[in-house]
Amino acid sequence: MMKSTPANQKPSIIRYFLSSLLLSIPFLLIFFSLRNRTATTEQQPPGIRIRPGYASYDSYIQRQLNKTLNPKLRKIWTTRDWDRKIQVFAEFFHDLQKRNLLFNDSRSLCIGARVGQEVEALRRVGVSDSVGIDLVPYPPLVIKGDFHHQPFEDETFDFEFSNVFDHALYPHKFVGEIERTLKPGGVCVLHVALSRRSDKYSANDLFSVEPLVEMFKESEMIHSRKVDGFGLDTEVVFRKKNNNSAIQRS
């Protein structure tokens, strides 16, 4: 005859299972927390720190949109700051023209352009084939685009500019997309903050130029200098290597 299990053993088994489950919850929470944190910090070179606090990529995008769609900020960008920023950007770009890093026929992209002051500045110094990308479009200067996944074909641009590197949650993807869409021999200019921390919407903190040099796998740094660019203090210029040995402009 089969022996029957005493009835009083069943509650004991259930209690044991529930106790084990409750004890395992803290370990599961720690595991998933570490996994999520690693997803945004792995493979980052020394000298750059990814800010914590993003539960998902969607939450990161929403935080960026909170700034871009802020009606008070957009009004400031399109009125009080409009001419002032265009003038400063035009001076930056004119200096690049004098050093033969930017040309009137350069097909140019401004990354994270918001309302397009940088694009307008490029056009005013004679670089007419220019466009910007941002999460929120601002026609005709800025089209919709995520700088982690640029909406362009490979080797599209001769020149790319950005002053929002600090907003990249995945700096490797940010840089990788620049190198993907930049033509061989093309120039990328970044304005970054090294000596001060940027605003609350930033997703990373950069402490030296070296992490940028390491991330630009297909390019070489050709210039770095101090600037005063609306809270950003350093200009770093890269040129994408020309693997085909074509003659570069001099």
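Is K240 buried or exposed? I looked it up: K240 counts as buried, because its relative accessibility is 7%, and buried means under 20% relative accessible area, exposed over 50%, partly exposed in between (1.4 Å probe, protein chains only).

Ground rules before I go on. This is a predicted model, in which local features need pLDDT of at least 70 and side-chain atom pairs count only at pLDDT 80 or more, while totals for chains, interfaces and linings use all residues. Residues are numbered from 1 along each chain as its sequence is written, and side-chain values use heavy atoms, with hydrogens and water left out.

**Entry 1: around K240**

I placed K240 in strand β9. Strands (E, at least two residues) and helices (H or I, at least four) are DSSP runs, numbered from the N terminus. Next I checked the side chain: one of its polar atoms lies 2.6 Å from the backbone oxygen of E179. I then listed contacts (heavy atoms within 4.5 Å). Leaving aside neighbours within four places in sequence, K240 is in contact with residues including E155, R180, L182, E218 and S219.

**Entry 2: the whole chain**

I counted seven helices and nine strands. Of the 250 residues in the chain, 47% are buried. Among contacts between residues at least 6 apart in sequence, 67% join residues at least 24 apart.

**Entry 3: strands side by side**

I followed β5, residues 157-162, and found five of its six residues buried. Strands pair if DSSP finds at least two bridges between them. β2 and β5 run parallel, joined by four bridges, and C110 has F161 in β5 as its bridge partner. β5 also pairs with β6 in the parallel sense, over five bridges; there F157 stands opposite L182 in β6. From β5 the chain crosses through α6 to β6, and this β-α-β crossover is right-handed (with the strands pointing away from the viewer, the path from the first strand over the helix to the second runs clockwise).

**Entry 4: the cores**

Which residues touch the most other members of the largest nonpolar core? They are F147, F165, F174, L190, V192 and L212, in a core of 34 residues. The term covers buried Ala, Val, Leu, Ile, Met, Phe, Trp, Tyr and Cys residues joined through side-chain atoms within 4.5 Å. Elements that give two or more residues to this core include α2 (57-68), β3 (130-134), α6 (171-181) and β9 (232-240). The largest share, four residues, comes from β6.

I zoomed in on F174. Not counting residues up to four places away in sequence, F174 touches I111, F147, H148, S162, V164, F165, A168 and L190. Apart from this core lies another, of 26 residues, among them L96, C110, V115 and L141.

**Entry 5: A193**

I found A193 in the loop between β6 and β7 (204-206). A193 counts as buried because its relative accessible area is 9%. Leaving aside neighbours within four places in sequence, A193 is in contact with L206, G231, L232 and D233. A193 and G229 are 36 residues apart in sequence, with their C-alpha atoms 9.2 Å apart in space.

**Entry 6: confidence**

I finished with pLDDT, the predictor's confidence in each residue, from 0 to 100. The chain averages 86, and 80% of the residues score at least 70. Residues 26-42 have pLDDT below 50, with five contacts in the model beyond near neighbours in sequence. Residues 245-250 are also below 50, with seven such contacts.

Methods:
Polar contact = N/O pair within 3.5 Å; in protein donor to acceptor, adjacent residues only side chain to side chain.
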